[in-house]
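Please open the model in your viewer and keep the selection tool at hand. This tour goes from stop to stop, saying what to select next and what is there.

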Amino acid sequence: MKHKSILFISQSAIIAALYVVLTMLANALGLASMPVQLRFSEALTILPVFTPAAIPGLFIGCVISNFLSNAIIWDVVFGSLATLIGALGTYFLRRFKVLPLLPPILANTLIVPFVLVYAYGIEGTVPFFMLTVGLGELISCGVLGYFLHRALQKKSKYIKWD
């Protein structure tokens, strides 16, 4: 029992750290925030398919990334909640083939545009930002997440998930 707790906490911490590093990389390239968002870290939202430890790891990683990116509090709260909702949805749909890719795309597409318009006051409409954020999420979660899923699935017999 203690071994499982240590493994869970370790996996969560590693996933959080990876999320932060990948977000900071995308941020350094000017891709991680504002209307058009392409966070490489969002590909990690497929990890709840393999381990429930990814759920807190992704959430904590997103919170830390948003703080380090000097996001305002509403972005930290609602952007991180979008990632948490997406991770939970991925976990609950983990037994299906392609469906686990959808929850993070949908959660961010539906939540983040409101943050951009109402918290940051960025000129534009919520539907327009749903398009731009959704496109970034489709690339990050849908395309990169799909390839990450395939790569990990091929090596899953060598990885201790639970």
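## A tour by selection

Begin by selecting tyrosine 146, which is partly exposed, with a relative accessible area of 34%; here buried means under 20% relative accessible area, exposed over 50%, and partly exposed in between, using a 1.4 Å probe and protein chains only. Before going further, note that this is a predicted model, in which local features need pLDDT of at least 70 and side-chain atom pairs count only at pLDDT 80 or more, while totals for chains, interfaces and linings use all residues. Residues are numbered from 1 along each chain as its sequence is written, and side-chain values use heavy atoms, with hydrogens and water left out.

Tyrosine 146 and phenylalanine 147 form an edge-to-face aromatic pair, with 5.5 Å from centre to centre and 70 degrees between the planes. Rings of Phe, Tyr and Trp (for Trp, its six-membered ring) pair if their centres lie within 6.5 Å, and planes under 30 degrees apart count as stacked, over 60 as edge-to-face and the rest as tilted.

The structure holds five aromatic pairs. For another of them, select tyrosine 91 and phenylalanine 92, whose ring centres are 5.7 Å apart and whose planes stand at 70 degrees, so that this pair is edge-to-face. Phenylalanine 92 is exposed, with a relative accessible area of 61%. Now show arginine 94 as well, because its charged end sits over the ring of tyrosine 91, 3.9 Å from the ring centre; a charge sits over a ring if NZ of Lys or CZ of Arg is within 6 Å of the ring centre and within 35 degrees of the ring normal.

Next, colour helix α1, residues 2-28; helices (H or I, at least four residues) are DSSP runs, numbered from the N terminus. Its 27 residues should span 39 Å at 1.5 Å a residue, and its end C-alpha atoms are 39 Å apart, which agrees, the expected span being 1.5 Å times one less than the number of residues. Among the buried residues of α1 are Leu7, Ile15, Tyr19 and Val20, and the buried residues of this helix pack against α2 and α3 (73-92). After α1 comes glycine 30, whose phi is positive, near 75 degrees.

Move on to α2, which has 15 residues and reaches 20 Å from its first C-alpha to its last, close to the 21 Å expected. Its buried residues include Ala54, Leu58 and Cys62, and, seen down the helix axis, the buried residues of α2 fall within an arc of 165 degrees (taken from the directions from the axis to the C-beta atoms), so they line one face of the helix.

Which residues have the most contacts inside the largest nonpolar core? They are Ile15, Tyr19, Leu44, Leu47, Phe50, Ala54 and Leu58, in a core of 14 residues; such a core is a set of buried Ala, Val, Leu, Ile, Met, Phe, Trp, Tyr and Cys residues joined through side-chain atoms within 4.5 Å. The helix α2 gives the most to this core, with four residues. Leaving aside neighbours within four places in sequence, alanine 54 is in contact (heavy atoms within 4.5 Å) with Ile15, Leu47 and Pro48.

Finish at histidine 149, in helix α5 (residues 126-155). Histidine 149 is buried, with a relative accessible area of 13%, and touches Ile46, Val49 and Phe50, not counting residues up to four places away in sequence.

Note on methods
Helix = DSSP H or I, 4+ residues; strand = E, 2+ residues; numbered from the N terminus.
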